[in-house]
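Here's a quick tour of a two-chain model, written for someone who likes the cut-offs spelled out. Have the coordinates open as you read.

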Amino acid sequence: MKAESAQPQGEILTYRKVQELVMGAMARPGRLYWVVVGVCFMGLLYGASCWAYQILTGMGVAGIMHPVNWGIYLVNFVFWVGIAHSGTLISAILYLLRARWRTSIARAAEAMTVFAVMIAGLFPFIHLGRVWIFYWIIPYPNQRDLWPNFQSPLVFDFLAISTYLTVSSMFWYSGMLPDLAAVRDKTSGIRKKIYGLLSLGWQGTHEQWRHYSMAYLLFAAFATPLVISVHSVVSWDFALSIVPGWHSTIFAPYFVAGAIHSGLAMVLTLLIPLRRIFHFEVLISTETLESIAKTIVLTGLIVGYSYAVEYFMAWYSGNMFEWDTFIWRAVGNYAPQFWIMVVCNVLAPLLFFSKKIRRSLAWLFGIAIAVNIGMWYERFVIIVGSMAHEFVPYAWGLYAPSWVELSIMGGSFCMFFFLFLLFGKFLPTVSMSEMKEALGAPARACSPGERT
Amino acid sequence: MASFRRREFLRMVGLGGTVAASGCSPDSGLKLIPYIFPPKDVVPGKATWYATTCIECAAGCGALARNRDGRVVKLEGNPLHPVNLGALCARGQAALQGLYDPDRVRHPMLRRKDGSSGQVTWEEAERLLADWILELSRKGRGERVVFLSGLLTGSLLDLVTEWREKLGLGEHLMYEVLSYEPLRRATSRVFGLEVIPSYRMDRADLIISFGADFLGTWISPVQYARQFALFRSGEGGGDRGLFVYVGPRLSQTAACADLWVSVRPGSQRLVALGILLALRQKGISMAPGPLAGAIAQLLQGWTMERICQEARVEPGEISRLASLWASAKRPLSVASGLEFVDPHAEETAFVAQILCALRPESLQLLDLERPWCLGRSSSLAQVHSMVEKIHRDEVDLLLVHGANPAFSLPEDWGLEEALLKRKVKVVSFSAFPDEISSAASLLMPSSTPLESWGDWEPHPGVRGLIQPVMGRIFETRALGDILLGLGRRLKGHTVFQEESLEEYLRKKWMGIHSAQGAEESFGSWWVRALARGGTWEEGTGGEVAKVLGQGISPGPSPPGVDPRLDGKQEGFQLMVYPTIQFLDGRAANRTWLQELPDPVTQITWGSWVELNTEDASRLGIQLGGLLKIRSPRGRTLELAAYPTDGVAPGTLAIPMGQGHKAMGRYAASVQGNPLSLVESGEGGRLLCPSGMSLEKTGQSSRFSNTDGSPIQHNRALAVAIEAAQWRRLLEQGSPPKLRLPLPEAYDPAEDFYPSHRHLQYRWAMAVDLDRCVGCGACVVACSAENNVAMVGRQLVLEGREMHWLRIERYWEEKTPRIRFLPMLCQHCDAAPCESVCPVYAPHHSPEGLNNQVYNRCIGTRFCSQNCPYKVRRFNWFTFSRPEPLNLQLNPDVTVRQKGVMEKCSFCVQRIVEAKDRARREARGVRDGEVTPACVQTCPTGALVFGNLMEKESRVSRLVKDVRAYQVLGHLNTKPAVIYLKRVINEI
């Protein structure tokens, strides 16, 4: 990845300008904002009440059945885990790789990660038949000496997701400390108190900066393998089973590439409106978006290669169950979903080879949405499409999500946007300290004494 | 069977409890512990077994009822009873749900003139009925009281006869829908006796069945299925038998045949005639005497071309069958003898029996001295004349018990209408609500056979005893007690001396005792009979006695050619076939049977019409398309279409038994009753009309079928081999390489995890596909034993049925032939379900069982996802059972709540019980001592359960059979269910 300057060509950024822009976005919100937040919250509540209904009545209110025991709850789980990926990728991996275009978007991407992991982590619980005893999956000492089954990928999964949530939240929060202190210094009253509390007494001393940059680097180094491992572990939920269509060694890299693919698309989906609404054009330049688009081309190609390799391996293995499953994917009852997946994930991103398209906001946004949809269907095709058509033809069956499942899925999107909207208004959406660091020395000089 | 002694012991123990149970108040069994004053023989937590007789059909299989804490929770076959030798069919297993039917008539009811109905006491009801009878007797109209019942035999029949005679009442009709009258008439024409013969299929080496579904519904299916298994295994002496099925529908029985000759309904007799003709042409000697004359008369005017043309079969096919017949040592031909499936049933049966009469060896397979009691049911002509009498107001009082002609008689007789409009009063003694009882002014519900005393004589020489296996649960009385009570009220104690049916029965059996001339005192003989389940000639075990070999005559009516020749009419020929679930419809209100998939279509909860795929595509009919079926007389019925290669072109096949209007919540269906399409012919006979037409309604409906795919997509799950290949393998004698669930089968090159160590037991099952006839008895037995929830039509549609054991049905891809594959938890040694569960809910026991720990399950459903056999079932809801169906629940098995996974446990509770017993006796569990419910009830012995660690156990020997294989064995899950390939003789 080519490192590019975060500095836009047109306007000259200064410390003051950065601070004004970012803090400006945190100004008192208008009525429209509250309406949208309210709508999202109501959607979240509706999804939650659907879950309560499901707990009271039984899993039968969902569309899952025999043989498709895992429905869109787990599709959503994998989808959100995937979304969660690019945040850490951008903030940690690109940080280590010194890809400087990441600076302006890292914060928002990290927030997206944290929220997405939170939501992803909910879905396995929503999907549990007896969620009220979910904690039995946790390895905790107990008087009965009962431990979870460490052979089970679900235990790996639980550990991986909880680790990822912990690390990404801490990374996100610690990276925000200097900015929170800056906000503290510019606000008054109760807000000052809250931000003061959140900034943990940041004073901007040399000692603090030294510790801070070491911690940040450490977190980045620590989070980097997690990016790979979490989605690898998620893929093992499937790959370690014997289901044709799941039982494959390609799953870990395939899932990681897919996760990054979907995560980058989600970053675009969020940043393009955010940039427009907060007038962040100077902070988040078109070049940055273009860089993301270029990366999407890469991940799209990896994903496309994975699809092809899956087919090749199914054919080359000579395993009729495997081959039947893959043929059925392309021509069977879930063929529309399969072809949506191929078009959206592999073909649509190829348009980004054109510079014109990848610099056009409308195209960027449209293709990002397409990739999001495609990646959701990819999980659907993998999970549902394999289950529906397994070893024993007598036990084949078709699944369609019920209104409860769709409501809870809708609720999860509402929750995500609800959290992201709150983030957009109450926390600095672009890392001011890092932006300032990235400014060239001449620009810095324009605003002496402004350093926080 | 090693468990004989134990059973007998238990039954002896159980005997004393009988008195306690029968003397209970109606609410017995409704309360569990505490017993402040416990009944003498009821030990809480300890099961008591009572021997009784199942009379769900007239075959009268012996049954053992397992009573726990005052409630009967399971029925099993009585291993001593000569009819069934320990097995029961699906309907027999489900007799329990008759006892606990939530829609049963719970107390006497009076329907007033204004249509309202209300509860009355027994005293009031009895007085009312006595008054009616008295009034009629006074007017000299006692003869105008008709007693209509289902088939009765033994003491109860005697009692009814006595009661009628003493009170001076009119005729007694015993109406059975499936009375096999054409078979009776044909037997009379050939052998001079109007009876239903007993058959010895096990001794045959060739069976040609002309539409007789003897493995599912025909006369005595459990017995014949067992005989069929012997016939196949050659254990009856000789080689593996050949089975040819000639009929319009590939029924469950036909699915077990080596060859299915598809003909239109009614053409069965033409094929039979063709065989006869071919035999004569081949110069096979036709027996001398009257038979030769009869055959000459029969074949007059027939040529092979004509037969083949009219029956639409290839001449080669008929000559093939004829040569088979000629070369067989002991060929047997049986015919359905039911107008519902063969419009020329009598002619078919006639020719079939002539075929048997050709050879003395065949004649030995027919037993006319032990005819089935079903042959004593009233003829349809008698029933018809009764209906006519009702129309003419010549019947004043109709007493009904256990017969439901309002559901099954041809509509044009107008019985239902007559009952409503004519002055006849109907009094119903039936235990269940039904169509005829809904016309009754007085309901005096009788107890079910499981709550009553009685006896049953399926054929001479066998008398099964019926005893109450638990107290009554509702305010009902046994029919005998009702009659005796009425008798005493009308005529006093001097005329009706017996206080109760029990006393009456004892008296009758005293007579039997003295007739047998045993030295034993009656008291101990009676106790022994009760413990054993009845009395039968020792050593018979279905043994056949002499055969009436002489005097065969063509009978009074010459077997002329029916003018209604097949194939010349327009439109479809109707057939309404009895089903394995409901027989004639009597068992339709039972969830276990409603949810038991039909063996051939795999549809649950509902009805359909089968038609040939070619007919369907010609008429543009899709699967599930709603059709309006119209008979030539204009009767219509709407049913969804099921196009299949399993029926002959030009045939409409509809299952019997659905379409009830008044039988209860589960029997209620939106579909009509196919019996309403059956018409009355001449002389009170039935006529399944031809010339049926179809009309598409444009609507369609979904079938709640349980098969995801009708074929197995070359996956070699249900495997069959040709007989020749099988014999070659037998000669080579090398057992196939299996990955047995034993440490020997582990190979570091292929296995990641080390083997499990089993100390004493490694439970396993062998499933012989060559014996499995797909009857579904095991499925129902499993549901009964393991409290498996029935979910209803909607949830089956959603793919949420809960059966732990299913009979997968696969059509062969090229020929219209079916293979059955019982599928249950395979208790794999390297079980994929075990490794993926995060909380160890599937747990591998030291005995190799794959236990599902319900309390531990958190419901991730990963185990089900990872099970290649897809035998795990998830509780999508907390399923409940309406009262009193819940009383049936087996207290030894947890009732599962929502959110947990469940599956076959190899009936672990029975294993534990057997081990406890063995431990008390300081020994190991013996081979055959543990029988899971499915194994116990299998009529053909297709399932064998045992310990793989014991080298001499039956299951250990079977896994070395040359036919042994494992389903999906290549996955290296090391399943403990070993299948034996089906053998097919290519004919």
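This is a predicted model: local features need pLDDT of at least 70, side-chain atom pairs count only at pLDDT 80 or more; totals for chains, interfaces and linings use all residues.

Residues are numbered from 1 along each chain as its sequence is written, with chains lettered from A and ligands numbered from 1 in the order in which they are written.

**Helix pairs in chain A**

Helices here are DSSP runs of H or I with at least four residues, strands are E runs of at least two, and both are numbered from the N terminus. Axes are lines fitted to C-alpha atoms, for helices over the stretch in contact, and angles run from 0 to 180 degrees between N-to-C directions.

| Helix pair | Angle | Axis distance |
|---|---|---|
| α3(A) (72-96) and α13(A) (361-387) | about 135° | 9 Å |
| α2(A) (31-57) and α14(A) (403-426) | roughly 145° | within 7 Å |

α3(A) and α13(A) are therefore oblique to each other; that label takes whatever is left after under 35 degrees (roughly parallel), over 145 (roughly antiparallel) and 65 to 115 (roughly perpendicular). Their crossing is right-handed, whereas α2(A) passes α14(A) in a left-handed one. Left-handed means that the near helix is turned anticlockwise from the far one by less than a right angle, and right-handed means clockwise.

Residues are in contact if their C-beta atoms, placed from the backbone, lie within 7 Å. On the α3(A) side the contact includes Ile72(A), Val75(A) and Phe79(A), and on the α13(A) side it includes Trp376(A) and Arg379(A). By class, the contact of α3(A) with α13(A) has nine nonpolar, one polar and one charged residues. Nonpolar covers Ala, Val, Leu, Ile, Met, Phe, Trp, Tyr, Cys and Pro, charged covers Asp, Glu, Lys and Arg, and the others, Gly among them, are polar.

**Where the chains meet**

40 residues of chain B are in contact with 36 residues of chain A. The largest share of chain B's side, four residues, comes from α26(B).

**A sheet and a helix end in chain B**

Three strands make an open antiparallel sheet in the order β1-β2-β3 (chain B); strands pair if DSSP finds at least two bridges between them. β1(B) and β2(B) share seven bridges, and Thr48(B) has Asn67(B) as its bridge partner in β2(B).

Finally, α19(B) is followed by Gly533(B), whose phi is positive, near 100°.

How values were computed
Two residues are in contact if their C-beta atoms, placed from the backbone, lie within 7 Å.
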